[in-house]
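My entries follow in the order in which I made them.

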Amino acid sequence: LHFSFTDNPWMLPALLLTGLVTGVIAGSYPAFYLSSFNPVKVIKGKFVDGKKSSGIRSGLVVFQFFISITLIVGTLVVYKQLSYIRNIKLGYDKNNVLVLPDTYLAGDRETVLRQKLAANSRVENITSSGYLPAGPSDANNFFLYPEQHPSQIKTIRYEVDYNYLSTLGMKLSTGRNFSKEFPTDSSAILINETAAKSFGWANNALDKTLRHFDNDGSLTTYHVVGVVSDFHFKSLHQKISPLVMTLSNRNNGTLIIKSKNADVAGLLTAVKKEWESLNIEVPFTYSFLDERYNNMYKAEQNSGLLIAIFSGLTIFIACLGLFGLAAFTAEQRTKEIGIRKVLGASVGSIISLLTKHFLQLVVIALLIASPFAWFIMNRWLQDYAYRINLPLWVFAAAAILVAVISFISVSVIAFKAAVSNPVKSLRTE
């Protein structure tokens with residue numbers, strides 16, 4: 001979301017008005033509430049707070065911690081899903097892979113650049129293809145008629161060279177890769193496991209025939225030489241779909257370079273030097289495959305950060321309310337605490353007396369928030385074709401975290417009341 005106060009002149013007045021109205025409403029309640037007291041009863045000490053007011057306060061505490069627990073669960077679930085995304089087996093190696101886009105603008109010098117980089121000691125492998133399994137890349141819908149199949153099947157086509165699979169660490173579940181030893185590979189095709197299943201060839205795809213009609217109506221026939229193990233070439237929001245690879249010997253506009261080790265900075269310096277030595281009239285730009293993958297989930301990362309921030313703010317506000325309510329309760333029960341101490345009550349028993357009620361409110365909030373948080377986060381996870389199962393420990397973690405923070409907040413007041421001089425409290429009228 002991008003906005004400015006210049007483009008939206010109503011925004012600043014709206015924000016100021018919101019703050020003003022919120023302040024007036026928040027301040028009006030205690031003002032009207034206090035002004036409704038009977039001054040004679042208050043002065044005589046006969047005023048007793050009603051059960052209705054106590055119920056409202058308790059209800060607000062429950063509501064605050066209901067929101068807190070929901071946000072904590074949301075934060076933990078988003079974190080777990082992002083961790084799952086980072087660690088899932090993608091079917092290719094995204095680490096230490098440098099991507100040089102738009103190298104087709106270099107013309108014939110792209111081939112020279114590729115040859116020089118291939119000779120560099122830091123380069124493990126290099127390939128030329130505009131098709132990348134992470135981030136924006138070329139997209140090419142490709143309709144094929146499998147043999148003995150009545151209708152065409154939609155696939156995604158990658159145009160690759162001999163080094164594509166080895167550069168990106170992709171595996172073959174059966175068959176072989178494209179090879180210069182087979183001149184007929186100009187009409188060969190690789191398919192992924194999902195495509196093999198879609199064609200009805202889950203166990204015997206090799207040497208099968210696929211037909212494709214070009215836009216001009218001409219027919220191209222391909223023979224399957226290998227099946228590539230499924231890899232995630234789309235976001236994890238989507239299931240892996242049928243994909244095929246055809247051989248292309250031309251420069252495809254993007255160089256993909258696999259580094260031998262983690263010295264990617266040294267490789268980048270060497271690549272830039274080679275680029276500039278060829279006097280290519282194109283700015284040197286690059287990206288890393290793992291960064292392109294992470295950028296696909298930037299929205300989720302931002303959401304996780306925002307939820308975490310709001311969780312912290314909500315817990316802080318809830319604890320402020322709990323702290324004030326505990327102080328109010330302790331003040332109301334000053335004489336009771338004094339009498340209990342005179343009769344031999346320990347500091348621990350008094351702290352337990354004052355904290356027990358508030359922890360009960362937290363438990364009530366947990367019982368209400370847990371099914372709600374489960375429903376909301378389960379709906380959020382449904383947007384992913386590949387997702388975690390909601391772990392029960394996130395609810396336990398939220399409960400423990402809120403309980404500990406609440407106990408600390410209330411215990412400060414409870415301890416102060418428990419160690420006060422009972423004589424002083426009993427003499428106070």
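I started at Asp207, which sits in the loop between helix 6 and strand 7; helices (H or I, at least four residues) and strands (E, at least two) are DSSP runs numbered from the N terminus. The model is predicted, so I kept to its limits: local features need pLDDT of at least 70, side-chain atom pairs count only at pLDDT 80 or more, and totals for chains, interfaces and linings use all residues. Residues are numbered from 1 along each chain as its sequence is written, and side-chain values use heavy atoms, with hydrogens and water left out.

Is Asp207 buried or exposed? I found a relative accessible area of 62%, so Asp207 is exposed (buried means under 20%, exposed over 50%, partly exposed in between, with a 1.4 Å probe and protein chains only). I also checked Asp207 against His223: they are 16 residues apart in sequence, and their C-alpha atoms are 5.5 Å apart in space.

Next I went to His212 in strand 7, residues 209-213. His212 counts as buried because its relative accessibility is 11%. Its side chain makes a polar contact of 3.3 Å with the side chain of Asp214. A polar contact is a pair of N or O atoms within 3.5 Å; within protein, one must be able to donate a hydrogen and the other to accept it, and residues adjacent in sequence count only if both atoms are side-chain atoms. Setting aside neighbours within four places in sequence, I listed Phe142, Phe143, Leu144, Ser218, Leu219, Thr220 and Tyr222 as contacts of His212 (contact means heavy atoms within 4.5 Å).

Thr194 was the next residue, in helix 6, residues 193-198. Thr194 is buried, at 16% relative accessible area. Not counting residues up to four places away in sequence, Thr194 touches Asp230, Ile240, Ser241 and Pro242.

I then turned to helix pairs. For helix 4 (residues 109-118) and helix 7 (residues 264-277) I noted an angle of about 145° and axes 10 Å apart. Axes are lines fitted to C-alpha atoms, for helices over the stretch in contact, and angles run from 0 to 180 degrees between N-to-C directions. Which residues of helix 4 and helix 7 meet? Leu113, Lys116 and Leu117 of helix 4 meet Val271, Glu274, Trp275 and Ser277 of helix 7. I sorted the residues of this contact into four nonpolar, one polar and two charged (Ala, Val, Leu, Ile, Met, Phe, Trp, Tyr, Cys and Pro count as nonpolar, Asp, Glu, Lys and Arg as charged, and the others, Gly among them, as polar).

For helix 9 (residues 298-332) and helix 11 (residues 347-381), the axes come within 12 Å and cross at roughly 160°. That makes helix 9 roughly antiparallel to helix 11 (angles under 35 degrees count as roughly parallel, over 145 as roughly antiparallel, 65 to 115 as roughly perpendicular and the rest as oblique). Glu300, Leu322, Leu325, Ala326, Thr329 and Ala330 of helix 9 meet Leu354, Phe358 and Trp380 of helix 11. By class I have seven nonpolar, one polar and one charged residues here.

My last pair was helix 10 (residues 334-342) with helix 11, packed at about 150° with axes 10 Å apart. Helix 10 and helix 11 are therefore roughly antiparallel. Glu336, Ile337, Arg340 and Lys341 of helix 10 meet Ile350, Leu353 and Leu354 of helix 11. This contact has four nonpolar, no polar and three charged residues.
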